[in-house]
Amino acid sequence: MLRLAKKAQSRERAKMKRIIYISTVNRHLSEEEIESIGQISARNNSGVGITGVLISVHDYFFQVLEGDEDAIAQVIERIRRDPRHKDMHILKAETEITERHFPKWSMRTIRLAGSGDIILQAIRDMLQNIAQSHRVIERYTQPSVLKFLTEGVNPLTVLPRKTDKIVLFCDMVGFSYLSDMFPVEQVAEVVNAFLEVCSTTIADHGGVVAKYVGDCTIAYFEQGQSDSAISACLDVLRRVGEMRGNNHDCHLMKFLYCGLGVAAGTVIEGNFGSSVKMDYTVLGGTVNMAARLEALTRQIAKPLAMSESVMQGAQENWAFVHVGDFQLKGAGKSCPVYSLNDPLMDDFKDHSHLIEDMRQACGNQVHE
Ligand SMILES: Cc1cc2nc3c(=O)[nH]c(=O)nc-3n(C[C@H](O)[C@H](O)[C@H](O)COP(=O)(O)O)c2cc1C
């Protein structure tokens, strides 16, 4: 009996989690408001067995929450949505903790105030620095790696695995040539605007951006998300078309066309890199195929090329067209390639047509 109770206790303990985060206030909060946050927190937390501490220093909150994993997930969701603060950065998430640091406090709230105190100033500077560097590092970090970190998983310990994904490559047409012709500011503006459109569209449709290689976005969707991947491609093309339309005649944006290649199949997902730099990404035959399909868009003169597996995985009634069978580099046999019967597919320019257009529109404004 005792053994069973002990077992249950250790199972209960094993599921505990501790989260440490910092955030910034959205507006000035009075002493009473901070007090009230503390009181509500202590009341709510004691009901669900969460303990911890909330420290407020000038414009920053620093909070530790520990308790049952599900209870922590629920309260964190509520805290995240609270409009009184913003820029919540998880500094540490530990899973399967066996001991609480603050077993007696449902949520002890400490307000460190006063402007002249050198220690407070130092703590404030430290929190400000942590918040700023997190904001910068987050932008340089792959979303999947950030997700691991907020879930309390050290991404470096994640083992590589074989899995099925839908891989998407999206690349500008003639970028190397065009980037030599236009001022560097325009090149940077257009590349950033293009990567923004690709990434936000892919993320909006449930995909994950794995990495950028120059002007190329490499992303993936889960198996079974063929429709989302195709919708994302069409939205990218729509938005890129709008970007072209919004620009005057001799601006690099006017010549922004892209190709998209989509392939579904097995990939190896995991950490690939070195002690100098690590990527959490996908690789393998399916990834190569998506890259080859993207390159093939120039040959088939359509901005979207898909593998048969993508078509087979789709549930929606897309107007697929078989554009031919191609011997793609790295593939053993020739592969049927598909595009869509859609007006967006006719809005495509290959390298040589782009150059011709650019010469006509820009004359001697650009230097070859
Ligand atoms: C910095 C900060 C920390 C908070 N910490 C907690 C907490 O630990 N537990 C909690 O229940 N609410 C916390 N809150 C309040 C929640 O965001 C939310 O307002 C509250 O849980 C709503 O409770 P109610 O639905 O009972 O009114 C915090 C709010 C802020 C701004």
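## Report on a two-domain predicted model

The domain assignment divides the chain into domain 1 (2-140) and domain 2 (159-365), with bounds that come from an automatic or database domain assignment. The C-alpha centres of domain 1 and domain 2 lie 41 Å apart. The model is predicted: local features need pLDDT of at least 70, side-chain atom pairs count only at pLDDT 80 or more, and totals for chains, interfaces and linings use all residues. Residues are numbered from 1 along each chain as its sequence is written.

Helices (H or I, at least four residues) and strands (E, at least two) are DSSP runs, numbered from the N terminus. Two strands pair if DSSP finds at least two bridges between them.

| Partner of β6 | Sense | Bridges |
|---|---|---|
| β9 (residues 258-273) | antiparallel | 12 bridges |
| β8 (residues 216-222) | antiparallel | six bridges |

Lysine 162 faces isoleucine 268 in β9, while phenylalanine 169 has isoleucine 218 in β8 as its bridge partner.

A nonpolar core is a set of buried Ala, Val, Leu, Ile, Met, Phe, Trp, Tyr and Cys residues joined through C-beta atoms within 7 Å. A residue is buried if 20 or more other C-beta atoms lie within 10 Å of its own, exposed if 12 or fewer, and partly exposed in between, with C-beta atoms placed from the backbone. The largest such core has 59 residues, and Leu168, Val236, Val262 and Ala290 have the most contacts inside it. Beyond its neighbours within four places in sequence, leucine 168 is in contact with residues including Ile202, Ala219, Leu260, Val262 and Ala290; contact requires C-beta atoms, placed from the backbone, within 7 Å. A second, separate core of 18 residues includes Ile22, Leu54, Phe62 and Leu65.

The ligand is surrounded by 17 residues, of which Ser41, Asn44, Phe61, Asp82 and Arg84 are the closest; a residue belongs here if its C-beta atom, placed from the backbone, lies within 6 Å. Two or more residues of this shell come from each of α2 (31-48), β3 (60-68) and α3 (69-81). The largest share, five residues, is given by α2.

Two residues other than glycine have positive phi. Histidine 58, with phi near 50 degrees, is placed in the loop between β2 (51-57) and β3. Histidine 58 is partly exposed, because 18 other C-beta atoms lie within 10 Å. Glutamate 96, with phi of about 55 degrees, lies in strand β4 (residues 85-97). Glutamate 96 counts as exposed, because it has 12 C-beta neighbours inside 10 Å.

Technical notes: Two residues are in contact if their C-beta atoms, placed from the backbone, lie within 7 Å.
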